[in-house]
Every structure is written in structure tokens, then in C-alpha cells.
Amino acid sequence: MYDLSTSIPVGIHLTTHTVQDGQTSDYALDVEGQIVQIGETIYLRYQEPESDEQPSSVPVTIKFLPNGDVSLTRNGENRLRMHFSAGKRVRATYRTPYA
């Protein structure tokens, strides 16, 4: 996709807070990753570590577009593609082995 030899190593601290059906869930992750700019687009890549639910690490890419949009791709057993655009409703895909 792009040449990681031009990337810059970064430390990433990610937190999520989810509310679904009245239940809340919090998650925190600290990992090393790489950031690279290609043209006007910035890519942040890291490996989500293995867990009890995920037996191997999962590559994650967050893409920051020049217009302010952000896309998130996670390519593990569960494949996730999300796109965020301020003020817009956007369709996402989430594939599991059970679908």
C-alpha cells in the first residue's frame, strides 16, 4: 500500500467508551505504531495485540483524509470498515465468521 520505510514510529493510547442497551463498556489500549503521510493523506497503522477472543494480532489502519473525513479498517477474523464524516450518516461494514 505504501512504503513504511518513510514512516515515523509513534506510541498510541486508545480509549473507547461504549453504551449499548443501558450497558457501558470501557476499553484502553497502549501500542506502538507507525504514521506516514502520502500526499495530503495521513495513515496511522498499528497491530491490535492478541487476546482471548482474538488468537493473533490484528492490523488496524486509520486514514485521515484532507477533507477531515476519517476511515478505520481492521482486518482480522472480524473485518471492520468504518468511515466518519462530520454531519453525515455513513454506512459501515462489519463481517464476522458467523455472518
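Two strands are taken to pair if DSSP finds at least two bridges between them; strands (E, at least two residues) and helices (H or I, at least four) are DSSP runs numbered from the N terminus. This is a predicted model, in which local features need pLDDT of at least 70, side-chain atom pairs count only at pLDDT 80 or more, and totals for chains, interfaces and linings use all residues. Residues are numbered from 1 along each chain as its sequence is written, and side-chain values use heavy atoms, with hydrogens and water left out.

**Strand pairing around β3**

Strand β3 covers residues 41–48.

| Pair | Partner of β3 | Bridges | Residues standing opposite |
|---|---|---|---|
| β2 and β3 | β2 (residues 23–38) | 6 bridges | Gln-37 and Ile-42 |
| β3 and β4 | β4 (residues 58–64) | 7 bridges | Tyr-43 and Lys-63 |

**The salt bridge**

A salt bridge is defined here as a side-chain nitrogen of Lys or Arg within 4 Å of a carboxyl oxygen of Asp or Glu. By this rule the count is 1 salt bridge. The contact is made by the side chains of Glu-48 and Arg-74, at 2.7 Å from N to O. It links distant parts of the chain, since Glu-48 belongs to β3 and Arg-74 to strand β5 (residues 70–75), 26 residues apart.

Buried denotes under 20% relative accessible area, exposed over 50%, and partly exposed in between, with a 1.4 Å probe and protein chains only. Glu-48 is buried because its relative accessible area is 16%. Arg-74, at 14% relative accessibility, likewise counts as buried.
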